[in-house]
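Subject: Structure handover, with notes on the ligand site, pockets and cavities

Hi,

Here is the structure I promised to pass on to you.

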Amino acid sequence: MSTTLLSLENWVKKVAQHTQAKHIVWCTGSEDEKQQLDELLLSTGDYKKLNEESHPNCFLHISDPQDVARVEHLTFICTEEKEEAGPNNNWMDPQKAHAKMDELFEKCMENRTMYVIPYCMGPIDSPLSRCGVEITDSAYVVQNMRLMTRMGTAALQRIEVEGTFVKGLHSTGELDPDRRYIMHFPKDLSIKSYGSGYGGNALLGKKCHALRIGSYQAKTEGWLAEHMLILGLENPQGETHYIAAAFPSACGKTNLAMLIPPEGYIQDGWKITTIGDDICWMRPGVDGRLWAINPEAGFFGVAPGTAKDTNPNALAMLYKDTIFTNVATTADNQPWWEGLDDRVPAIDWKGNTYDSANGPAAHPNSRFTVSASRCPSYSEQAEAAQGVPISAIVFGGRRASLVPLVTQARNWAHGVLMGATVASETTAAATGAVGVVRRDPMAMKPFCGYHFADYWAHWLSFEDKANNLPEVFTVNWFRKDKNNKFMWPGFGDNMRVLEWIVKRVSGKAEAQSTAIGDMPKLEDFNFEGMDFNQDDLSELLAVDVEAWNLELEDVRKHLDSFGDRVPQSLYAELKVTSRSL
Ligand code: SAT
Ligand code: MN
């Protein structure tokens, strides 16, 4: 027996019996265990060693070419009533789903080792953290969970004290897309995932637990589980404001979380620190503010586009102790991806000699997995049990037109409307067409574990739960001009927008009020050291009344599509906006 918690021991036994696992390994999180599994993965060909001199302790994993992204059409929320899951989710009756999954899992580990991974989402000693146990037959998953969560003995001890944990069962199966399902059972706090080894489908602590099951736990317990980065912004006076920002996958959350301010800002004493790049759990504190933790312990970031000029902090953490998935390699066996530098890769992500005629060398959704502690801008506050107080919540998406650079909500309900109606062009992080505009409420479209209308009502309820809520903003770094060129430089220069946001929060900047929200006055915006024309900024902050009228019509249709559970105050806010246009 490897645990004192009977419910856990019984579950592990039952799964072992059902899957006929050959061996059971309880993961402790030790360094020895890490090394043994690295060796195993090298011996099975699941890992390739990268150049030890340039990239010590770094490995390359290549997925099955049909298993490189999340599969939203095969991801289900299994609640008694279909209505609970809402139109935003695929739904399956829990009994039917269990039967389907039980059949797939039957004897699926016959010649495999079953790893039991106790993990804690969030600092081990934080009351905001929640625990889970993932059972998997993939050593690659274990190695990723080791970096992405606090896993092993300490987590098990907490689980044994608490007595409850999220149960995640995973098998890579045959990697057959026709025998692949990711099922969530919110009431039982359990997950069953079969047939994929890819991050979001297989590292069950991440999207499955921390967002889909987490959002359900959060609703029942009075907190928020969100698809947000968290950064700390320190001003020259030494005060730090924490900002939580939601963007859909592959819209630059990692880059924003690790932003290095423009030179002039650094000289003046501004600094950005990183708490997290993907997930944020927050709850009201006794002071009426929302306090947040990053439930993760590492970064599972998109490699392409990560470079010295776009994200030097990320690049600095990636030369050591990193797992690379589906990137290309150079002739001297260093990891390489599009946008990294101008070297020519030798081998593409499929293992073939690189030929530009065959498409990109690295998969567009290729990833790095690395411990957060390797990030130069990682904040020690990320380990704080009480979390960090959030001053501003930012929603963003990829919109080539219409949506201004930055807008501040009139009030909390307007902010919730902004979040509920944010739209973005799709990216390579999920299978399906890329570049199609879709509404992605709070960037949670693929991750909210229950009916969006109820989720918005939950968001709105915080007005009664906390009396010092963050200010809410919308940003758009992705506007394009007539020639299809980005109008805003983005990256480090996004600091200028963040500065305005914290100045607004602390009452140090004015705004001009418009129908869609408050926007910066040109004189409050810092252009120092920036090669940018003020006319362009005026365009980025303009409200195109005709286009906004069309947008609001679409927003109304979007809200309507969630039926009569949609809170009336969202419609009321929508009315205020359209009347003022
Ligand atoms: O879903 S993953 O966690 O694998 C990546 C993402 O889409 O953010
Ligand atoms: Mn994400």
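Below I go through the ligand site, then the pockets, then the cavities.

Before anything else, please keep in mind that this is a predicted model.

**The ligand site**

Let me start with ligand 1, which sits in the largest pocket. The shell around ligand 1 is made up of Arg70, Tyr198, Gly199, Gly200, Lys206, Lys207, Ser249, Phe300, Arg367 and Ala429. By class, that shell holds 4 charged, 3 polar and 3 nonpolar residues.

- Serine 249 has a side-chain N or O atom 2.6 Å from an oxygen atom of ligand 1.
- Glycine 200 takes part through its backbone, with a polar atom 2.7 Å from an oxygen atom of ligand 1.
- Tyrosine 198 places a polar side-chain atom 3.0 Å from an oxygen atom of ligand 1.

How much of ligand 1 does the protein bury? On its own, ligand 1 would expose 250 Å², and the protein buries 97% of that area. As for secondary structure, two elements give two or more residues to the shell around ligand 1: helix H7 (199–202) and helix H8 (205–221).

The volume of the largest pocket is about 900 Å³. Its lining counts 42 residues, and those closest to the centre are Ala250, Cys251, Gly252, Asn255 and Arg398. Helix H8 turns up again here: H8, helix H9 (253–257) and strand S18 (298–302) are the elements that give two or more residues to the lining of the largest pocket. Which of these elements has the largest share of the lining? That is H9, with 4 residues. Sorted by class, the lining of the largest pocket has 19 nonpolar, 15 polar and 8 charged residues.

The second largest pocket has a volume of about 370 Å³. It is lined by 21 residues, with Asp46, Asp137, Ser138, Ala139 and Thr172 closest to its centre. Helix H2 (31–44), strand S6 (113–121) and helix H5 (139–148) each give two or more residues to this lining, and H2 gives the most, with 3 residues. The lining of the second largest pocket splits into 8 nonpolar, 8 polar and 5 charged residues.

**The cavities**

How many cavities of 30 Å³ or more does a search of the whole structure find? The search gives 2.

The largest cavity has a volume of about 300 Å³. Among the 23 residues that line the largest cavity, Met418, Thr421, Thr474, Trp548 and Glu551 lie nearest its centre. The elements that give two or more residues to this lining are helix H12 (412–420), strand S27 (471–475), helix H17 (545–560) and helix H18 (568–580). H17 contributes the most, with 4 residues. In terms of residue class, the lining of the largest cavity has 12 nonpolar, 8 polar and 3 charged residues.

The second largest cavity has a volume of about 90 Å³. Its lining consists of Lys34, Asp38, Tyr47, Asn57, Phe59, Gln143, Arg146, Leu147, Asp321, Thr322 and Ile323. Helices H2 and H5 come back at this point, as the elements that give two or more residues to the lining of the second largest cavity. The largest share, 3 residues, comes from H5. By class, the lining of the second largest cavity divides into 4 nonpolar, 3 polar and 4 charged residues.

**If you only have a minute**

Begin with ligand 1 in the largest pocket, and look at the oxygen atom that lies 2.6 Å from the side chain of serine 249. After that, you could turn to H2, which gives residues to the lining of the second largest pocket and to that of the second largest cavity.

Best wishes

Technical notes:
Residues are numbered from 1 along each chain as its sequence is written. Chains are lettered from A and ligands numbered from 1 in the order in which they are written. This is a predicted model: local features need pLDDT of at least 70, side-chain atom pairs count only at pLDDT 80 or more; totals for chains, interfaces and linings use all residues. Side-chain values use heavy atoms; hydrogens and water are left out. A residue is near a molecule or strand if one of its heavy atoms lies within 4 Å of it. A polar contact is a pair of N or O atoms within 3.5 Å; within protein, one must be able to donate a hydrogen and the other to accept it, and residues adjacent in sequence count only if both atoms are side-chain atoms. Accessible areas come from the Shrake-Rupley method with a 1.4 Å probe; for residues, only the protein chains shown count as cover. On a 1 Å grid over the protein atoms alone, a cavity is a set of points where a 1.4 Å probe fits but cannot get out, and a pocket is an open set with protein on both sides within 12 Å along at least five of seven lines; lining residues have an atom within 4 Å of a point. A molecule sits in a cavity or pocket if more than half of its atoms lie within 2 Å of its grid points. Ala, Val, Leu, Ile, Met, Phe, Trp, Tyr, Cys and Pro count as nonpolar, Asp, Glu, Lys and Arg as charged, and the others, Gly among them, as polar. Grid points are joined across faces, edges and corners, and a volume is the space filled by probe spheres set on the points.
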